[in-house]
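Please open the model in your viewer and keep the selection panel at hand. The stops below are meant to be taken in order, with a moment at each one to turn the view.

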Amino acid sequence: MKLLQVFTLIICILFWSNGCGLFSKPPEDTTVTYHGFVMGTHVNVSIYQMSDSQDSVAAANQLIREAEMKLYEIESIFDYDDPDSELSRINTTAYSEPVEVSEYMSELIEEGLRMSRLTNGAFDISLGSLIELWQYEQIPARSDIDSLLPYIGYENITFEGGRVSFSNERVKMHFGGIAKGFAVDKLKELLVSGGVNSAFIDIGGEIGVIGQTHRENGTWRVGIRNPHNLSENSVVIEVSGGTFATSGDYERFFIQDGEKYHHILNRLTGEPAVSDYASVTIISGNGAFSDALSTAIFISGDVMNDDTWNKEGFCVVYIFKELDKEIESRHFGDCDFCVSIG
Amino acid sequence: MTKKSKAVISAIVIFALASASLIAHLWIIGIRFDEPVALIYRNGELLYEIELLQVSEPISYNIENVSKVEIRDGKIGISQANCRDQICVNMGFVNGVVPIICLPERIEIRVRNNDSDIDGVTY
């Protein structure tokens with residue numbers, strides 16, 4: 001009889017463990033995931049764990065819906081090609097009179113101008129007219145580029161008291177090099193304030209992480225796509241937080257007369273930047289900063305002195321055009337969230 | 001039937017049920033988590049979910065007349081696309097975490113693979 005009792009106990013344990021998911025993956029594996037196509041790119045948001053376990057799936061679903069709405073809101077503000085966007089309204093009227101802007105627009109103009117100044121214009125939010133000239137995927141006439149260059153430069157933009165104005169009607173703002181990083185920041189804020197403990201955000205390759213993974217040390221592992229072989233990663237970065245942004249010449253380009261023309265423009269020449277790098281990745285605590293700085297370094301190399309770098313705190317990973325040149329990485333200031341690169 | 005034999009029969013029945021339940025559970029987990037599963041999206045909407053290792057012969061999917069997605073040798077790739085830059089086609093075939101993205105045609109292919117030790121890719 002004793003044997004029978006033990007036998008029954010084992011069976012009960014089997015039932016219990018099966019029902020409780022002892023053999024299944026831990027609960028932090030994808031509570032709720034969102035896939036979408038917003039801001040001209042794909043979006044993937046996964047909430048793995050909520051701080052309050054009660055009704056966590058319902059709460060995560062609600063947050064995912066709010067995140068989607070937030071993305072559409074950001075798109076409706078910063079879409080350069082949408083004539084009804086706030087940016088279009090500013091671009092068509094800020095020459096004739098100062099224009100009062102929304103909270104998000106105000107934040108991004110301020111951060112965009114800060115990054116433009118910090119990088120001496122390597123990153124610049126005033127490239128709208130130039131980007132428009134190149135968007136038809138053919139080389140514009142040199143005379144058209146030259147006629148625009150005097151109106152390119154963040155110095156032509158004034159932002160005071162929540163109002164923006166331009167020095168000339170040909171000046172147009174464009175946030176293509178910073179808006180995705182900004183959107184990652186906004187989603188992170190939304191999710192954290194909504195009680196998310198662990199989440200992964202991917203907006204067109206700009207990545208933000210919240211909290212910890214189920215790994216023993218809790219870190220996240222993010223690959224940097226190999227620009228020389230797009231189906232592989234060049235390197236894997238292990239982080240405990242932060243946001244990633246990568247700029248490279250291999251994602252958006254056109255080919256004319258056998259030459260490749262990518263989408264990252266140098267404001268000094270008005271043409272696609274000539275860079276030593278195939279890609280530059282920045283990992284920092286600020287998505288807009290990572291986004292803008294990766295563009296700036298891709299265009300102009302190390303655009304600031306070390307004192308300026310160290311105040312910000314970030315990691316940078318350089319992948320060179322030359323295949324035989326090894327990947328380099330550098331740390332600046334406080335970037336403890338960068339656990340390992342390799 | 002004695003009390004003891006009733007108990008033994010009950011135990012055997014319970015054991016059989018528990019075993020069947022456990023095997024089914026592990027089998028489902030195996031399908032869901034252990035094998036690489038390709039997810040094909042257009043405009044953020046999931047069109048196909050395919051277990052790559054279950055595809056024994058090369059197979060292709062016509063994605064709304066803009067792209068042709070192929071699966072062969074446990075890998076997935078875009079073999080034809082209407083887009084101008086052809087970046088998605090040039091990515092070749094993948095079976096890991098690196099996603100294939102065709103921005104002009106709004107197509108995204110991801111491979112969910114629980115064995116992967118990568119959470120995502122920046123590019």
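A crossing of two helices is called left-handed if the near helix is turned anticlockwise from the far one by less than a right angle, and right-handed if it is turned clockwise. Keep in mind throughout that this is a predicted model.

Begin by selecting helix α4 (residues 103-118) of chain A together with helix α7 (residues 179-193) of chain A, which pack at an angle of about 125° with their axes 11 Å apart. The two helices, α4(A) and α7(A), are therefore oblique to each other, and α4(A) passes α7(A) in a right-handed crossing. Sorted by class, the contact of α4(A) with α7(A) has four nonpolar residues, two charged residues and no polar ones.

Next, select the open sheet of eight strands in chain A, whose order is β1-β2-β6-β7-β10-β15-β16-β17 and whose pairing is antiparallel. At its edges lie β1 (32-38) and β17 (328-332) of chain A, each of which pairs on one side only, and the twist from one strand to the next averages 10°.

Helix α2 (residues 56-78) of chain A touches β1, β2 and β6 (196-203) of chain A, and its direction makes about 15° with that of β1(A). Helix α8 (residues 287-300) of chain A touches β7 (206-210), β10, β15 (277-284) and β16 (314-320) of chain A, and its direction makes about 155° with that of β15(A).

Within this sheet, select Ala245(A), which has its place in strand β10 (residues 243-248) of chain A. Is Ala245(A) buried or exposed? Ala245(A) has a relative accessible area of 0%, and it is therefore buried. Among the residues that Ala245(A) touches are Val280(A), Ile282(A), Ser290(A) and, from the other chain, Thr122(B).

Finally, select the open sheet of four strands with the order β18(A)-β9(A)-β8(A)-β9(B) and mixed pairing. Its edge strands are β18 (338-341) of chain A and β9 (120-122) of chain B, and its twist averages 30° from one strand to the next. Strands β8 (residues 220-225) and β9 (residues 233-239) of chain A pair in the antiparallel sense over six bridges, and the bridge partner of Arg225(A) in β9(A) is Asn233(A).

How values were computed. Residues numbered from 1 in each chain as written. Chains lettered and ligands numbered in written order. Predicted model: local features only at pLDDT ≥ 70, side-chain atom pairs only at ≥ 80, totals over all residues. Heavy atoms only, no water. Axes fitted to C-alpha atoms, helices over the stretch in contact; angles between N-to-C directions. Parallel < 35°, antiparallel > 145°, perpendicular 65-115°, else oblique. Nonpolar A, V, L, I, M, F, W, Y, C, P; charged D, E, K, R; others polar. Pairing = 2+ DSSP bridges. Buried < 20%, exposed > 50% of the residue type's maximum accessible area, 1.4 Å probe, protein only. Contact = heavy atoms within 4.5 Å. Lists of a residue's contacts leave out its neighbours within four places in sequence.
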